[in-house]
Amino acid sequence: MSRRAFALAALSTLASAPRAAARSTAGPGPDSVPDPAPGAAPAGSAMDPAPAEGAAVPAGSAAPAPYPVPRASAQMRGVWIATVVNRDWPSRPGRTASEQRKELMAHLDRAVRDRLNTVILQVRPTADALWPSPYEPWSEYLTGTQGRDPGWDPLGTAVEEAHARGLELHAWCNPYRIANHADPARLAASHPARKHPDWVVRHGGRLYYNPGLPAVRAFVRQAMLDAVARYPVDAVHFDDYFYPYPIAGQTFDDDEAYDRYGGAFSSRAAWRRDNIDKLVREMAAGIKEVRPGTRFGISPFGVWRNASTDTRGSDTRAGVQTYDDLYADTRRWVREHWIDYLVPQLYWHIGYSAADYARLVAWWAQVAQGTKTHLYVGEALYRAGAAGQPAAWQDPAELSRHLTLAAAYPQVRGHVFFAAKDLAADPIGAMARVVADHYRGPATPPR
């Protein structure tokens with residue numbers, strides 16, 4: 001039996017003071033953008049400007065820690081392409097296969113023109129698929145109707161065309177989000193959530209798979225690994241959605257699962273973190289088994305814990321902490337090398353009082369120091385020049401200063417920009433400035 005056949009057979013916000021705008025249903029930094037829409041994360045995923053070229057690290061920010069290993073010549077230069085709610089691509093559902101393909105090629109070509117080397121394409125936005133999956137229906141963001149065949153293979157085409165352009169293709173999946181609405185009847189008749197209603201939790205007007213059920217964890221892992229088995233993707237990528245972001249006055253109803261499976265834990269929070277830890281470890285092991293050499297990366301909300309909560313935390317005052325609110329122990333994943341790379345969404349400007357970009361870069365660099373996990377920084381390109389953003393984000397040099405600041409830390413091996421639509425529009429020339437200042441020649445992704 002071939003490796004492929006075997007593999008296929010085996011697969012059976014942010015700030016509370018002041019609070020930033022929540023991200024859109026798109027996704028992480030990756031698939032979420034500021035705006036309290038369904039499926040999005042809090043605007044805490046927003047970064048701010050770094051000091052000008054040659055400027056010193058802002059007062060009060062930790063200085064770069066000594067690092068004995070010389071900086072590698074390789075550098076991550078990535079962009080997220082969000083498909084949920086048609087954030088970046090396709091521009092709208094129902095376009096012809098030819099039109100969708102043309103739009104996708106334009107995003108890939110733009111990445112090449114800006115001397116990027118990696119695209120992170122959202123291929124499983126809401127428990128559906130952008131490839132012919134035997135486990136989940138076709139995504140509604142392609143045709144407008146979940147389960148309808150779009151007449152082509154978007155993921156297969158994206159991998160082939162990205163590689164033809166010298167780009168890496170990372171398959172971005174959201175593990176537990178089912179729908180940005182709360183009506184199971186609106187899902188495709190074949191949807192696993194309709195076949196297994198006991199797997200589903202309604203929360204905040206949306207539907208989620210329950211991370212506390214072992215059957216759910218096994219299924220979502222299997223569904224995502226199908227893409228790894230079918231296509232030579234360079235990495236699998238998770239965004240920041242594990243347990244849902246907290247909603248005032250609402251609780252995530254996992255009482256029955258906790259009563260059944262949580263007895264060995266000191267608290268529900270500890271049990272929930274263990275559920276997510278298991279998903280991360282098991283997914284990492286599955287990727288290595290199905291396609292050795294394929295990497296696994298995660299892009300979490302930028303604050304693990306505030307120092308006021310945990311002395312190991314960052315000097316921030318975030319209203320959301322991934323460890324406590326999303327039950328994602330992102331620091332542990334880096335320190336214990338459960339994942340190959342981490343892209344914290346540092347979507348705030350330098351000097352932002354609740355979550356200073358400069359302080360967070362320093363903190364994450366310290367976390368990554370001495371580990372085998374690569375650290376990249378998620379950058380809020382979508383904020384540059386956007387209406388309603390602070391003055392710092394109206395400065396075309398904002399993002400360029402971010403890269404200048406991060407370059408002082410050898411642990412930072414590159415950056416990923418949110419997101420493709422903003423890369424193409426570049427309303428105030430912020431990305432053009434990044435390219436002129438920092439991407440004058442090509443670079444290969446770190447391995």
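Which residues does Asn86 touch, not counting residues up to four places away in sequence? The first legend below has the reply. This is a predicted model, in which local features need pLDDT of at least 70, side-chain atom pairs count only at pLDDT 80 or more, and totals for chains, interfaces and linings use all residues. Residues are numbered from 1 along each chain as its sequence is written, and side-chain values use heavy atoms, with hydrogens and water left out.

**View 1**
Welcome to the loop between strand 1 (76-81) and helix 2 (97-113), where Pro90 lies. Helices (H or I, at least four residues) and strands (E, at least two) are DSSP runs, numbered from the N terminus. Asn86 is found in this loop, and it touches Ser91, Arg92, Pro93 and Tyr141, not counting residues up to four places away in sequence. Contact here means heavy atoms within 4.5 Å. Asn86 is buried, with a relative accessible area of 13%. Buried means under 20% relative accessible area, exposed means over 50%, and partly exposed is in between (1.4 Å probe, protein chains only). Val85 is found in the loop as well; Val85 is partly exposed, at a relative accessible area of 37%. Although Val85 is not a glycine, it has a positive phi of about 50°. Look also for the cis peptide bond that joins Trp89 and Pro90, with omega about -15°.

**View 1. Ala127 in the loop between strand 2 and helix 3.**
Ala127 has its place in the loop between strand 2 (118-124) and helix 3 (140-143). Its phi is positive, about 50°, although Ala127 is not a glycine. Is Ala127 buried or exposed? Ala127 is buried, with a relative accessible area of 0%.

Two strands pair if DSSP finds at least two bridges between them. Arg177 has Tyr208 in strand 6 as its bridge partner. Arg177 also lies over the face of Tyr241, at 5.2 Å from the ring centre.

How many aromatic pairs does the structure hold? There are 23 aromatic pairs. Rings of Phe, Tyr and Trp (its six-membered ring) pair if their centres lie within 6.5 Å; planes under 30 degrees apart count as stacked, over 60 as edge-to-face and the rest as tilted. One of the pairs is Tyr258 with Trp271, which is tilted, with 5.2 Å centre to centre and 50° between the planes. Tyr258 lies in helix 7 (residues 255-261) and Trp271 in helix 8 (residues 268-290), so the pair ties together parts that are 13 residues apart in sequence. Both Tyr258 and Trp271 are buried. Trp80, Tyr347, Tyr382 and Phe418 form one aromatic cluster. Meanwhile, the charged end of Arg281 sits over the ring of Trp338, 4.9 Å from its centre. A charge sits over a ring if NZ of Lys or CZ of Arg is within 6 Å of the ring centre and within 35 degrees of the ring normal.

**View 2. Ser314 and Asp315 in the loop between strand 8 and helix 9.**
Ser314 lies in the loop between strand 8 (295-298) and helix 9 (322-326), and Asp315 lies in this loop too. Ser314 is buried, with a relative accessible area of 1%. Not counting residues up to four places away in sequence, Ser314 touches Val303, Arg305, Asn306, Ala307, Leu360 and Trp363. With that exclusion, Asp315 touches Ala307 and Arg359. The C-alpha atoms of Asp315 and Ser353 are separated by 9.7 Å, and these residues are 38 apart along the chain.

**View 3. The buried side of helix 14.**
Helix 14 (residues 430-438) has Ala430, Met431, Val434 and Val435 as its buried residues. They cover an arc of only 140° around the axis, which puts them on the same side of helix 14; the arc is that of the directions from the helix axis to the C-beta atoms. These buried residues pack against helix 12 (398-406), strand 11 (412-417) and helix 13 (420-425). Ala419 is found in the loop between strand 11 and helix 13, and a cis peptide bond joins Phe418 and Ala419, with omega about 5°.
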